[in-house]
Amino acid sequence: MANPCAVIGVGQTEYRTKRLDVSIAGLVREAALRALEDADLTFGDIDAVVIGKAPDLFEGVMMPEAYLADALGARGKPVMRVHTAGSVGGSTALVAAGLIQGGVHDRVLVVAYEKQSESNATWALSTHPPMTASLVVGAGGYFAPHIRSYIRRSGAPDHIGTLVAVKDRVNALRNPYAHLKIEGISREMVEMTPMLWEPLRYLETCPSSDGAAAMVLASESAARGVNRPAWVHGAAMRSEPIFFAGRDTVNPQAGKDCAADVYGQAGITDPRRELDCAEVYVPFSWYEPMWLENLGFCGEGEGWKLTEQGATAFEGDIPWNPSGGVLSSNPIGASGLIRFAEAAQQVRGLAGDCQVEGARRALGHAYGGGAQFYAMWVVGTEKP
Amino acid sequence: MSSSAPNHALEFPGGYTRSVGPVIGRFLTELRDGRLVGVRTASGRVVVPPTEYDPEDGSAVTGEFVEVGPDCTVESWSWVPRPRRSHPLQRPFAWALIRPDGADTALLHALDLGVFEEGAKPPRELRTGMRVRPKWRSERSGGIGDIECFRPDIAMINDSRRTEYHLPPGRALERFLEGIAEGRFLGHRCGVCGKVYVPLKGLCPVDGVPTTEEVEVRDTGTVTTFAVNNIPDPRAPEVPFVSAYILLDGSDLAMLALVAGVPADQVRMGMRVRAEWRPREEWGATMANIKWFAPLDEPDVPFAAIKDHL
């Protein structure tokens, strides 16, 4: 049985198209120092540092953990880097949590970042090695066919994606860190934007952001007397190959298995009822209804109905992405960690204007690659 | 031109001998030593370049000189797209009012923003509020020209990287491309699950076993799902282009390929297609042998037949 693990500090940078005012080291320090300040600690109190980010090709800095170790106060301490594509922020948090749950350390600093403005993610994701003619242009080019499959399979009406695009941007208006803040965002505004990868429009896709997020995770003894910790009730990762015969790309088995594991640990049988809110990795609008089904918030083919009914809105019975989500801020490597951190802030009662009233249990979720890598945690107000 | 060329010049031999007084003299002396100073007025403001009097009210300044800069802020600017011969820089630059940190006034100087072609528009980074520093001449004589110009702070460097690889295809891909060179699609059948993988991979990703049984499949297939891409790509003939998963007849895994020869808005799930090969004399061991997949004159496959391949 795992030892208890608590989130005792959270720090985020503002997310922007370009953070030209800071270096990569300055960016991660900004988040790390805010998390330490929240936990009332200094670098000297930290036992180990876990760093996550997406492919090195994004900034062209190889092994950034080596470069960032001293910037994160890790001289003479264990430093580890995690990389699981887009899910990396979530996986990084879980690797750090594992160091606490396994009794290895008492206080672990976990930091994830991306500085997308230093290159171009679509270029970095579409490098086209010789001989294998891949026609995928960026992440949207990969996911669009699978969204089409979902629409066909579920019979969802065309406007569901638009509803998600609007809902998450409305939520972002309450989030001081959010990148996209579109006053007066509306369905008409989304539908006026060009199709990039049909069926995905421009405003149905996530932005490219610079930013970092950090958390301080603590053991039971290190969390004693701490103001408002969030406790880890369940933590799980799963993966599956990108291509195999019979793969359900719309509703991948690895995601279902990961959810079943994390709910099992948390004693959850009905996530829609037993969770108070969820921060779920939705980089393209249609992934909300798709993940509603994959994560068991409803039956297969029913996800779009929850979105349409407003169940996932801020005022709905199960708010999804009250922070505005990946659709509003997307420093890729950090995006998963932000989901995990926002879930923790909800159950700590520290989510500010994004606070879901009375939230006591929340899901943090991330996925990556060709919807192959999954990382999830359930956090709660009560110590398990 | 010749009509406006000068035909008379007035120049006092040796130049005027100008007394600069204690305040401007101090300013010029400090310039010669590579420093910027201002003078404090009775009201406490710091005036740069210093004057013997407060320009606001004419009162005498204090004797206190204050080192200012070298960090400065651009307060206003005017772009010079076509410099004249007498200008301090011979490429497009800006005249700028530049206020050194610690000063309450600005001085006028040239701002060099790098290399531009004559007539260029002002660059985006040129803006009020930008941070600049003086570029000092190595040989200084005590004049405002001891500062050659001002230059922006370094906010970004351009870091060019190139790493070259030799990527061998590996045995499986090499064999698949041998087939393509002969106009054939080769797959492998898994000895455990019986599924056929095209291109052949030499392994089954589900069972984790090596595969060796070669199977040739046809160059016809069915579109399972697709994206209409409005983002240009050098490998696609036009925008929009359709990237589709195509389940070749006899294969159990759809492969991603270009669909063309049909308007993008007429591509359908279940549509039947065939590989459009380039002329045989152009073939090599490369997927480029196939231009794209084009529609076949056959009825669409019902959704039920493809739903388990999505």
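Good morning. The model is predicted, and local features are reported only at pLDDT of at least 70, side-chain atom pairs only at pLDDT 80 or more, while totals for chains, interfaces and linings use all residues. Residues are numbered from 1 along each chain as its sequence is written, and chains are lettered from A in the order in which they are written.

I begin with the annotated regions. In chain A, an unreviewed UniProt entry places the feature "domain: Thiolase C-terminal" at residues 248–379. UniProt positions are given here in the numbering of this model, feature names are shortened, and annotations may be inferred rather than shown by experiment. Over residues 248–379 of chain A, 38% of the chain is helix and 14% is strand, with the end C-alpha atoms 29 Å apart. Helices (H or I, at least four residues) and strands (E, at least two) are DSSP runs, numbered from the N terminus.

In chain B, the feature "domain: ChsH2 C-terminal OB-fold", again from an unreviewed UniProt entry, is placed at residues 214–278. Residues 214–278 of chain B are 0% helix and 51% strand, and their end C-alpha atoms are 25 Å apart. Chain B is also divided into domain 1 (19–152), domain 2 (169–217) and domain 3 (219–310); these bounds come from an automatic or database domain assignment. Between the C-alpha centres of domain 1 and domain 3 of chain B there are 65 Å.

I turn to the contact between the chains. How many residues does each chain give to the contact? Chain A gives 30 residues and chain B gives 35, where two residues are in contact if their C-beta atoms, placed from the backbone, lie within 7 Å. On the side of chain A that touches chain B, the elements giving two or more residues are α5 (138–154) and β5 (195–198) of chain A. The largest share of that side, eight residues, belongs to α5(A). By class, the side of chain A that touches chain B holds 19 nonpolar, seven polar and four charged residues. In this count Ala, Val, Leu, Ile, Met, Phe, Trp, Tyr, Cys and Pro are nonpolar, Asp, Glu, Lys and Arg are charged, and the others, Gly among them, are polar.

The strand β5(A) pairs with strand β12 (residues 220–229) of chain B in the antiparallel sense, over two bridges; strands pair if DSSP finds at least two bridges between them. Within this pairing, W197(A) stands opposite N229(B) in β12(B). The peptide bond from E198(A) to P199(A) is cis, with omega near 15°, and P199(A) lies in the loop between β5 and β6 (200–201) of chain A.

Next, the nonpolar cores. A nonpolar core is a set of buried Ala, Val, Leu, Ile, Met, Phe, Trp, Tyr and Cys residues joined through C-beta atoms within 7 Å. A residue is buried if 20 or more other C-beta atoms lie within 10 Å of its own, exposed if 12 or fewer, and partly exposed in between, with C-beta atoms placed from the backbone. The largest core has 158 residues, and those touching the most other members are V110(A), V111(A), M215(A), L217(A), V379(A) and V259(B). Helix α12 (residues 332–348) of chain A supplies the largest share of this core, nine residues. Domain 2 and domain 3 of chain B each contribute at least three residues to this core. A second, separate core of 25 residues includes V23(B), L36(B), V48(B) and V68(B).

Is W292(B) buried or exposed? W292(B), in strand β16 (residues 290–295) of chain B, counts as buried because it has 20 C-beta neighbours inside 10 Å. The C-alpha atoms of W292(B) and L258(B) are 5.0 Å apart, although 34 residues separate them along the chain.

I close with two loop residues of chain A whose phi is positive. D40(A), in the loop between α1 (24–39) and β2 (48–52) of chain A, has phi near 60°. D40(A) is exposed, because 12 other C-beta atoms lie within 10 Å. A85(A), in the loop between β3 (79–82) and α3 (88–101) of chain A, has phi near 55°. A85(A), by contrast, is buried, with 21 other C-beta atoms within 10 Å.
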